[in-house]
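Reader: I'm new to this one and would like to go through it slowly. Could you show it to me before I start asking things?

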Amino acid sequence: MPSLKDLKNRIESVKSTRKITKAMQMVAAAKLRRAQEAAEMSRPYAERFAAVMGQLAASVGDSDTAPKLLTGTGRDQTHLLVVMTAERGLCGGFNANIAKLARQKAEALVAEGKTVRILTVGKKGRDALRRDWSEHFVGHVDLSEVKRVGYGDAQRIAKDVLDRFEAEEFDVATIFFSRFRNVVTQIPTATQIIPAQFDAPEGDGATTLYDYEPGEEEILAELLPKGVATQIFSALLENGASEQGARMSAMDNATRNAGEMIDKLTIEYNRSRQAAITNELIEIISGAEAL
């Protein structure tokens with residue numbers, strides 16, 4: 001049975017931990033507000049950009065002169081998985097869920113006889129996949145020194161991916177990230193970025209004709225690389241909001257668990273203290289009666 005001193009030390013230790021988790025929860029809440037606003041503001045632009053690109057892609061079709069980023073290499077053998085996670089932990093299952101989705105995709109591709117290559121963005125994704133998939137790693141992007149993710153960071157990642165595509169290192173590229181819904185819900189998501197995929201334009205049956213200058217194929221050749229960077233930037237912003245939401249939720253749970261543990265330890269401490277006092281009184285009374 002723990003001594004009174006041990007119980008008191010444990011209570012003080014848990015109280016210190018509760019102060020830390022409470023502070024981390026408040027910091028995450030402050031960061032979440034900015035990250036959520038950035039993610040939500042980027043969505044209309046990304047959606048409209050994808051709609052315009054979808055119209056252009058539909059007009060080009062399977063033309064022989066269509067950009068390679070749209071039509072692909074004509075093969076489906078080598079896949080590049082861009083796994084985007086956080087640089088830090090203590091955010092619940094945020095990092096693990098993204099890594100799990102990427103791992104499932106990699107296992108399915110290998111089972112089909114495909115070649116898998118992995119580019120990690122964020123330390124936690126690299127750590128989670130290192131044990132079983134380290135031989136498939138082709139690069140890592142470190143964002144630990146980045147205080148606030150910007151479009152330039154997305155361009156740097158996109159350039160790495162596009163350079164590898166130009167060098168014919170892969171045929172298909174897919175990014176893995178977590179889409180933010182709310183504080184308690186973040187959805188692990190996989191999106192193919194090369195060859196580019198766009199939803200079919202929605203309409204009521206009527207068609208609108210556009211004249212493009214220069215032609216559709218030239219515009220696509222110019223915009224598709226920017227489209228890759230835009231998708232990556234949107235994923236980074238979604239990840240940022242998801243990370244802070246997951247951390248806020250995890251630290252809130254940790255704070256409440258610490259409070260419950262303190263209550264239990266306090267009850268145990270009081271009972272032990274009461275038992276010790278009772279034993280001392282019995283000894284004193286027994287000694288007095290002996291005299």
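Reader: Let me start with Leu 90: is it buried or exposed?

Author: This is a predicted model, and in it Leu 90 counts as exposed, because its relative accessible area is 56%. Leu 90 sits in the loop between strand S1 and helix H3, the helix of residues 94–111.

Reader: And what is the phi of Leu 90?

Author: Leu 90 has a positive phi of about 55°, although it is not a glycine. Most residues other than glycine have a negative phi.

Reader: Which residue forms a salt bridge with Glu 168?

Author: Lys 68 does, and the closest N and O atoms of the pair are 3.7 Å apart. Since Lys 68 lies in helix H2 and Glu 168 in the loop between H5 and S4, the pair ties together parts that are 100 residues apart in sequence. Lys 68 itself counts as partly exposed, at 32% relative accessibility.

Reader: How many salt bridges does a search of the whole structure find?

Author: The search finds 13 of them. One of these joins the side chains of Arg 164 and Asp 160, at 2.8 Å from N to O, and the two residues are 4 apart in helix H5, which separates them by about one helical turn. Asp 160 and Arg 164 are also linked with Glu 169 in a network of salt bridges. Another salt bridge pairs Asp 127 with Arg 130, with the closest N and O atoms 3.6 Å apart.

Reader: Back to H5, then: which residues in it are buried?

Author: The buried residues of H5 are Asp 153, Ala 154, Ile 157, Ala 158, Val 161, Leu 162, Arg 164 and Phe 165. Seen down the axis of H5, these buried residues fall within an arc of 165°, so they line one face of the helix. On the other side of H5, Lys 159 and Glu 166 are exposed.

Reader: What should the 16 residues of H5 span, and how far apart are its end C-alpha atoms?

Author: At 1.5 Å a residue, helix H5 (residues 151–166) should span 22 Å, and its end C-alpha atoms are 22 Å apart, so the two values agree.

Reader: Changing topic, which residues touch the most other members in the largest nonpolar core?

Author: Among the 43 residues of that core, Ile 194 and Ile 232 touch the most other members. Several elements give two or more residues to this core, including H1, H5, strand S4 and strand S5, while H6 gives the most, with 11 residues.

Reader: And what is the peptide bond from Ile 194 to Pro 195 like, cis or trans?

Author: That bond is cis, with omega near -15°, and Pro 195 lies in the loop between S5 and H6. Most peptide bonds are trans.

Reader: Last one: which residues form a nonpolar patch on the surface?

Author: The patch is formed by Ile 277, Leu 281, Ile 284 and Ile 285, which together have about 380 Å² of accessible area. Of these, Ile 284 lies in helix H6, residues 216–290, and Ile 284 is exposed because its relative accessible area is 58%.

Technical notes
Residues are numbered from 1 along each chain as its sequence is written. This is a predicted model: local features need pLDDT of at least 70, side-chain atom pairs count only at pLDDT 80 or more; totals for chains, interfaces and linings use all residues. Side-chain values use heavy atoms; hydrogens and water are left out. Patches are made of residues with over 30% relative accessible area and no salt bridge: like charges are joined within 9 Å, nonpolar side chains (Val, Leu, Ile, Met, Phe, Trp, Tyr) within 5 Å. Accessible areas come from the Shrake-Rupley method with a 1.4 Å probe; for residues, only the protein chains shown count as cover. A salt bridge is a side-chain nitrogen of Lys or Arg within 4 Å of a carboxyl oxygen of Asp or Glu. Buried means under 20% relative accessible area, exposed over 50%, partly exposed in between (1.4 Å probe, protein chains only). The expected span of a helix is 1.5 Å times one less than its number of residues. The arc is that of the directions from the helix axis to the C-beta atoms. A nonpolar core is a set of buried Ala, Val, Leu, Ile, Met, Phe, Trp, Tyr and Cys residues joined through side-chain atoms within 4.5 Å.
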